[in-house]
Amino acid sequence: MIVLVGMPGSGKSSAGRQVARRFGLPFVDSDHEIEQQIGMSIREYFETQGEQAFRDLETALLRRVAESGEQIVLSTGGGALLREENREILRQHGTVLYLRASPEEIYRRLRHDTKRPLLQVADPRQKLQELFQTRDPLYLKAAHYVIDTGRSSIQVLVSHIAMQLEMAGLVQPSPQRPARKHPGS
């Protein structure tokens, strides 16, 4: 199991989908799976049931996916690693890649997002800084590999992830596309 962790907006879902496609693996987005299970958005669930109830569902899903033994690409929610139990499950059953982005870069990507419950506050930039200070050490502790996302495009990020997985011997190298011919050659 290849596990992508990181802050909200670090590229876990977008990159994960493409990494899975590149290596012919199933892709699972834990937040999307939970929304399918509960029949509502995570934001609505947070509002009606609270964060603790959501985190319980998240742990149950991570355990179920990890114990299936299926080779997949899993994108976790940004807060999934807050629980030590989740960090242990993912580290023991998968290879954890931390997609690390600065709070400033995340704010640039998410400043217009209205779906993420933890960012619906008066000062989302300050909230991201606080989340990063709390979560970065947890992501680092759980990660087998850290990939700095910076201002990379999704294509560059996917290439970095693929290269790390190939170098670690976790996947077979993906077939390279033939070089494009330039006009006039």
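Trainee: What joins the side chains of glutamate 47 and arginine 43?

Mentor: Bear in mind that this is a predicted model. In it, the side chains of glutamate 47 and arginine 43 meet in a salt bridge, with 3.5 Å from N to O.

Trainee: What makes that a salt bridge?

Mentor: The label asks for a side-chain nitrogen of Lys or Arg within 4 Å of a carboxyl oxygen of Asp or Glu. Here the N to O value is 3.5 Å, so the pair meets the cut-off of 4 Å.

Trainee: Why are glutamate 47 and arginine 43 separated by about one helical turn?

Mentor: Because they are four residues apart in helix α3, which covers residues 42-49.

Trainee: Which residue forms a salt bridge with glutamate 51?

Mentor: That is arginine 55, with the closest N and O atoms 3.1 Å apart.

Trainee: Is arginine 55 buried or exposed?

Mentor: Its relative accessible area is 8%, so arginine 55 is buried. Glutamate 51, at 30%, counts as partly exposed.

Trainee: Which residues are linked with Arg55 in a network of salt bridges?

Mentor: Glu51 and Glu58 are linked with Arg55 in that network.

Trainee: What makes aspartate 56 and arginine 83 a salt bridge?

Mentor: Their side chains meet at 2.5 Å, N to O, and the cut-off is 4 Å, so the label applies. This pair links distant parts of the chain: aspartate 56 sits in helix α4, while arginine 83 is in the loop between β3 (73-75) and α5 (84-93), 27 residues apart.

Trainee: Why is arginine 83 called buried?

Mentor: Its relative accessible area is 19%, and buried means under 20%, so the label holds. Aspartate 56 has 42% and therefore counts as partly exposed.

Trainee: How many salt bridges does a search of the whole structure find?

Mentor: Nine.

Trainee: Where does alanine 143 lie?

Mentor: In the loop between α7 (124-142) and β5 (145-148). With a relative accessible area of 12%, alanine 143 is buried.

Trainee: What is alanine 143 in contact with, leaving aside its neighbours within four places in sequence?

Mentor: Arg91, Val96 and Tyr98.

Trainee: How many helices and strands does the chain have?

Mentor: Eight helices and five strands. Along the sequence they follow the pattern β-α-β-α-α-α-β-α-β-α-α-β-α.

Trainee: How do you know whether the radius of gyration agrees with a compact globule?

Mentor: A compact globule with 185 residues would have a value near 16 Å, and the chain has 17 Å, which agrees. Buried residues make up 43% of the 185 residues. Among contacts with a separation of 6 or more, 74% come from residues 24 or more positions apart.

Conventions
Residues are numbered from 1 along each chain as its sequence is written. This is a predicted model: local features need pLDDT of at least 70, side-chain atom pairs count only at pLDDT 80 or more; totals for chains, interfaces and linings use all residues. Side-chain values use heavy atoms; hydrogens and water are left out. Helices (H or I, at least four residues) and strands (E, at least two) are DSSP runs, numbered from the N terminus. The radius of gyration is taken over C-alpha atoms; the globule rule is 2.2 Å times the number of residues to the power 0.38. Buried means under 20% relative accessible area, exposed over 50%, partly exposed in between (1.4 Å probe, protein chains only). Contact means heavy atoms within 4.5 Å.
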